[in-house]
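Biologist: I would like to learn how to read a sheet and a core from a model. Could you take me through one?

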Amino acid sequence: MVNVGKSIAAVVFGLLLASMTSLALAADSASAKLAPQNNSGESGTATLTKAGDNQTKVVLDVKGAPSGAPQPVHIHKGTCDKLDPKPTYPLSPVVNGKSETTVNASLDSLEKGGYAINGHKSAQEVSTYVFCGAIGSM
Ligand SMILES: [Cu+2]
């Protein structure tokens, strides 16, 4: 009976360690709240997940995006109010509200570098911004 008690204690301790580990892993992601710009009616979220020491997976989920029409998306330096017009990291265009890209940058550098993710109306109308969110805005 003593041994059973010890093994139960070991299992409980193991579960505790496992839950602490998953809490630590939760810090391996960041997000951005994408807000509409220029009355686009588009909004959503971007989720950034560490994919390696120098790689980050960026997943966008956009509501109100036009169906079937790809919209260019990039990570830019700056804030949504004052964005460097030159993209730093291009992302896969949003198609039907979805975009998924792995960029060659660490999650840490994206979180601390003062970046924002913005979407453009179309390849033809790149100068019209349709949504934007600062990384770490949630
Ligand atoms: Cu852009």
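This is a predicted model: local features need pLDDT of at least 70, side-chain atom pairs count only at pLDDT 80 or more; totals for chains, interfaces and linings use all residues.

Biologist: What is the order of the strands in the open sheet?

Modeller: Strands of a sheet pair through backbone hydrogen bonds, either parallel or antiparallel. Here eight strands form an open sheet with antiparallel pairing. The order is β5-β4-β7-β8-β1-β2-β3-β6.

Biologist: Which strands stand at the edges?

Modeller: β5 (83-94) and β6 (98-103) do. Each has a single partner strand, so one side of each has no neighbour in the sheet. On average, neighbouring strands are turned by 25 degrees against each other, direction ignored.

Biologist: How many bridges join β4 and β5?

Modeller: Six, in the antiparallel sense. β4 covers residues 71-78. Glycine 78 lies opposite leucine 83 of β5.

Biologist: Which residues have the most contacts inside the largest nonpolar core?

Modeller: Leu34, Ala46, Leu48, Ile117 and Ile135, in a core of 22 residues. Elements that each supply at least two core residues include β1 (29-36), β2 (43-52) and α2 (107-112). Take isoleucine 135: beyond its neighbours within four places in sequence, its contacts include Ala30, Leu48, Leu110 and Ile117.

Biologist: Is glutamine 71 buried or exposed?

Modeller: Count the C-beta atoms around it; 20 or more within 10 Å make a residue buried. Glutamine 71 has 24, so it is buried. This residue sits in strand β4.

Biologist: How many residues apart in sequence are glutamine 71 and lysine 121?

Modeller: They are 50 apart in sequence, yet 5.7 Å apart in space, C-alpha to C-alpha. Lysine 121 is among the contacts of glutamine 71, as are Pro93 and Val130.

Note on methods. Residues are numbered from 1 along each chain as its sequence is written. Two strands pair if DSSP finds at least two bridges between them. Helices (H or I, at least four residues) and strands (E, at least two) are DSSP runs, numbered from the N terminus. Axes are lines fitted to C-alpha atoms, for helices over the stretch in contact, and angles run from 0 to 180 degrees between N-to-C directions. A nonpolar core is a set of buried Ala, Val, Leu, Ile, Met, Phe, Trp, Tyr and Cys residues joined through C-beta atoms within 7 Å. A residue is buried if 20 or more other C-beta atoms lie within 10 Å of its own, exposed if 12 or fewer, and partly exposed in between; C-beta atoms are placed from the backbone. Two residues are in contact if their C-beta atoms, placed from the backbone, lie within 7 Å.
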